[in-house]
Amino acid sequence: MSLARNVFVQSGLTLASRVLGFVRDLALNARFGGQGPLMDAWATAQMLPNLFRRLFAEGAFAQAFVPVFAHERATAGPESAEAMASQVLAFVMAVVVLFTILAEVALPFLMPMLLSAYADDTRSLEMATLMAQLAMPYLACMTLASLLSGVLNTLGRFALSAGAPVLLNLCTIAPLVLIGDAEAAALFASGAVTIAGILQAGLLWWGVRRLGVRLAIVLPALTTVVRRVVVLAVPGAIAGGAMQVNSLVSQILSGSDEGARGVLYNADRLYQLPLGLIGVAVGAALVPRLSSLFARSDTVGAQRTMDDGIALAMAFTIPAALALLVMPFLIIDGAVTRGAFTSDDARRTAEVLRHFAWGIPAFVLAKVLTPPFFARQKTGRPMQFAIATVVANTIIGSALWFWLPTVGIDGAIGLAIGTSLAGWFNVALLSGALAFDGVYRPGAHLIGRLVRLSAASIVMAAVLAVCAARYHDITDVLGSKEATLAVVALGGFGVFAGLALALRAVSLAEIRGALRREPRSSASALPPGGED
């Protein structure tokens, strides 16, 4: 299957999950408000589950595990790879289950620090603690799901791992819609997170078994093969999840301001959309392909694959980032404002989102630039870069968080600025290391294409900025803010698509070629049954 087809399979299913996630967030904001104590409690309770979901379910751990599993399968055979995966699964699950138990016990003591703005509000702290405890077992479920996703991706199957997160949103929407009492709905929704994790892991286990892969349940042991995998996979997960850790740092810092965590939660959900739809999909599709190319020492093929991956990612990311940059209030007010979530909530969230927006291309590029390290099983350096960016984000974000309110500016904006700056710092380190090692430098054709894509995106952004300035006038004509958002978004996309074709940033022939199924190589490691 072509790189583009793999990406579109994942992106299409991820889009379905994100649409349902958007419906869930509408229900959350309508029931709890954008800046209320219950919304802050929900955002706090979801911090660790969301971090692990993004580290594991959205590719970082799976990207680190895939090259190891693929190498073992290619050199020692399927049975040896299955035994290795079983040993790794047993050990990692034991560690995560132990961590989950310790977290459950520690949460009542940690919550006053995580949610310090409500230190005197005993009920809010109790609710946040119980909600976090109900959702915490999701961590263990995601550990199992991530390894199973890695197995599926190695075998060329992407649909099931991309579609499984739909279950999370379906499970959490139900109590928000069906239960009348807000606090009860919040508790049941938190418990539904864990139920969804069990269902996701079960679905992926079934998918792996359907392909004939037999993973055994064994006692955990730190064997030689487990040590080898952990040495590669743990740094790889840290490297692939740098931006997610930066987001967690921002969430922790925001605990001293009532409403700030809810604002960051809503902004996070919007700016993570391009990352989840494009960055994760491209990154996950690149790892197996690059692993095969590097194993054959096909540097020309690896260069072409990376150029294609970056071009594909930026074709979607640049216009999305500029749209969020120039009209964040129109997007949030048109899509989210209703019920307890007011236009004032939308304005505060919009200013924070604006400063996440200019970091989005960096967040996506990092997902594309880390696979060459993973594919060569060299995860130490990107881990070092990730730690450096977390340190930079913590210093910058903390400084701005405390300084900006002294000059009358929302401190949450400083956290967004810190995260975006750290994202670009990470890209500079990753791209510099690849160039220095002679592994990858952008080709002239890619640079020209990016210039043309940027030109089309800038014209689109100018049109959207005019629409944002006349938001209320357009709404008066169309009759609703939802209609305004739909018309402006579709109009902006039309402008971008037309200019991209006119400037030859992309052609219809290239689109058809990218979506055409590639002939399977005789050396393919895929089992009978084809690809997703």
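Predicted model: local features only at pLDDT ≥ 70, side-chain atom pairs only at ≥ 80, totals over all residues.
Is Tyr271 buried or exposed?

1. To take the opening point: Tyr271 has 1% relative accessibility, so it counts as buried. The cut-off behind that call is under 20% relative accessible area.

2. On ring pairing, the count comes to three aromatic pairs. In one of them, the ring centres of Tyr271 and Phe356 sit 4.1 Å apart with the planes at 20°, so this pair is stacked; the stacked label applies because planes under 30 degrees apart get it.

3. As for where these two sit, Tyr271 belongs to helix α13 (residues 260-295) and Phe356 to helix α16 (residues 343-357), so their pairing ties together parts 85 residues apart in sequence. Phe356 comes out at 3% relative accessibility and therefore counts as buried.

4. Now for Phe329 and Tyr471. Their ring centres are 6.0 Å apart and their planes meet at 80°, so I'd read this pair as edge-to-face. The angle cut-off for that label is over 60. Here, too, distant parts of the chain are linked: Phe329 is in helix α15 (residues 328-335), Tyr471 is in helix α22 (residues 471-478), and the two are 142 residues apart.

5. A word on burial for that pair: Tyr471 has a relative accessible area of 4% and is buried. Phe329 has 18% relative accessibility, and it counts as buried because the limit is under 20%.

6. One last thing to look at in the viewer: Tyr271 and Phe356 also belong to a cluster with Phe363, joined up by ring pairs.

Notes:
Residues numbered from 1 in each chain as written. Heavy atoms only, no water. Phe/Tyr/Trp six-rings, centres within 6.5 Å; stacked < 30°, edge-to-face > 60°. Helix = DSSP H or I, 4+ residues; strand = E, 2+ residues; numbered from the N terminus. Buried < 20%, exposed > 50% of the residue type's maximum accessible area, 1.4 Å probe, protein only.
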